[in-house]
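Please open the model in your viewer and keep the selection panel at hand. The stops below go from the domains to the ligand and then to a pair of helices.

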Amino acid sequence: MPKTPLKNMDVCIIGAGAAGLMCAIEAAKRGRSTLLLDKANKAGRKILISGGGRCNFTNLYIEADAYLSNNQHFCKSALARYTQWDFIQLLEKHGITWQEKTLGQLFCDQKAKAVVDVLLAECDQHQLSIQLETTIDRIEKENDSFILHASHVSNTEISEEIRCNSLVIATGGPSIPRMGSTDFGLQVAKQFGLKNIPFTAALVPFVFSAEELSGFFKDLSGVSLPVDVSCNNKSFKESMLFTHKGLTGPAILQISSYWKKGDEIIVNLLPDIDANNWLVQQIQNHPDAELKTKLATVLPKRLAHRLCETHFNNKPLKQYNETELQDIAHQLHHFIFKPSSTEGMRTAEVALGGVDTHELSSKTFQANKAKGLYFIGETIDVTGHLGGFNFQWAWASGWCAGQYV
Ligand SMILES: Cc1cc2nc3c(=O)[nH]c(=O)nc-3n(C[C@H](O)[C@H](O)[C@H](O)COP(=O)(O)OP(=O)(O)OC[C@H]3O[C@@H](n4cnc5c(N)ncnc54)[C@H](O)[C@@H]3O)c2cc1C
């Protein structure tokens, strides 16, 4: 089948996710002829499934400390130029209402689709083209332009060549591969000689060994409690949930981004109570009560009982000596878990790693070594904490690049 004639565009953006949509809107506003390409059959698929269907679209407390990167300063400029307030204003302009759930996390009152609809309405208004179900087979550089060899995802005979002056890679990271996520961004970076940091799963549940699951973890699945969890000098105070494979919940997802294979995590099971004082009080007031009975008043019962069976040698409180009590208090505040792995990309909310930020301008997002080539969003080595930080990075990096492409 013959190819369609060469299409000429000012800007091509590969990836119609959060970052790509934002970049395309800004480029089109500047009068640049803009084509947004995606291999999926819908734009913004990760937005649609985000935040349990309500999209945690940003956070009130955006700051560089909430992002992991080999280059901690890289994200600052973009986050300062396009802030959470700018995105809130965009949503409000389209009648979207929102609420803060916890820790500054902002969710839509409407479904997540409303956020995608806002972005698509902006795309329509600025007359940019979106071409879905399109895969990019090859990218060539020809003088100052790029030639994209594209084809239809399910019919490679339908193919075309697109020439553009600015090429933006906004293909995200490889988490949740069943959604078609790939490491396409890293492949393009390699093609153009840019360094990258391999992607690894982040914001992801922990898995424990079969021995642990049939031992300490047995029948704890579904137990949830507020904790303060630490690893590698970072800690998060949120909730933790036991699962049939190990641990999850916001505190665990957050710390997973800082965990490396072989590391232990330290969990403060009573973050709001001084366990030493509490134990002394219990002995004074209930000397004949068993530890497991009293512990079940401050911890979920199943967990309290398991701790007493496996670690605290359950007995009436008055029978514990001072050293034993100190050890119990210490363990309640520093309980050690050693995950064997994470659930990996299959369930990770994001990926750490990506195109090395030293290769990019933090102002324009253009590659220093490849004029006209830009990388934005999750494809770059900038990964946010849980709570709307990743979308804010996508909006901010997309908006900034959109001013220069
Ligand atoms: C289940 C889940 C829930 C989440 N919830 C939240 C949340 O509530 N708040 C938050 O801040 N973050 C959340 N995230 C993270 C957030 O979705 C990502 O950080 C964000 O989508 C990254 O935006 P992006 O534009 O860089 O990439 P993406 O949104 O992943 O977009 C990349 C696009 O590129 C396309 N693409 C990929 N490869 C190719 C290719 N080879 N050719 C053409 N197109 C391609 C994809 O189809 C996709 O449309 C969640 C993630 C998941 C998986």
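This is a predicted model: local features need pLDDT of at least 70, side-chain atom pairs count only at pLDDT 80 or more; totals for chains, interfaces and linings use all residues.

Residues are numbered from 1 along each chain as its sequence is written.

Where they touch, 6 residues of domain 1 are in contact with 5 residues of domain 2, contact meaning that the C-beta atoms, placed from the backbone, lie within 7 Å. On the domain 1 side of this contact there are 4 nonpolar, 2 polar and no charged residues, where Ala, Val, Leu, Ile, Met, Phe, Trp, Tyr, Cys and Pro count as nonpolar, Asp, Glu, Lys and Arg as charged, and the others, Gly among them, as polar.

Next, select the ligand and the 38 residues that surround it, of which Gly15, Gly17, Gly172, Gly377 and Asn390 are the closest; a residue is near if its C-beta atom, placed from the backbone, lies within 6 Å. This shell divides into 16 nonpolar, 16 polar and 6 charged residues. Its largest share, 4 residues, comes from H13, which spans 389–402; helices (H or I, at least four residues) and strands (E, at least two) are DSSP runs, numbered from the N terminus.

Finally, show H1 (18–29) with H5 (113–125). Leu21, Ala24 and Ile25 of H1 meet Leu119, Glu122 and Cys123 of H5.

Terms used
Axes are lines fitted to C-alpha atoms, for helices over the stretch in contact, and angles run from 0 to 180 degrees between N-to-C directions. Two residues are in contact if their C-beta atoms, placed from the backbone, lie within 7 Å.
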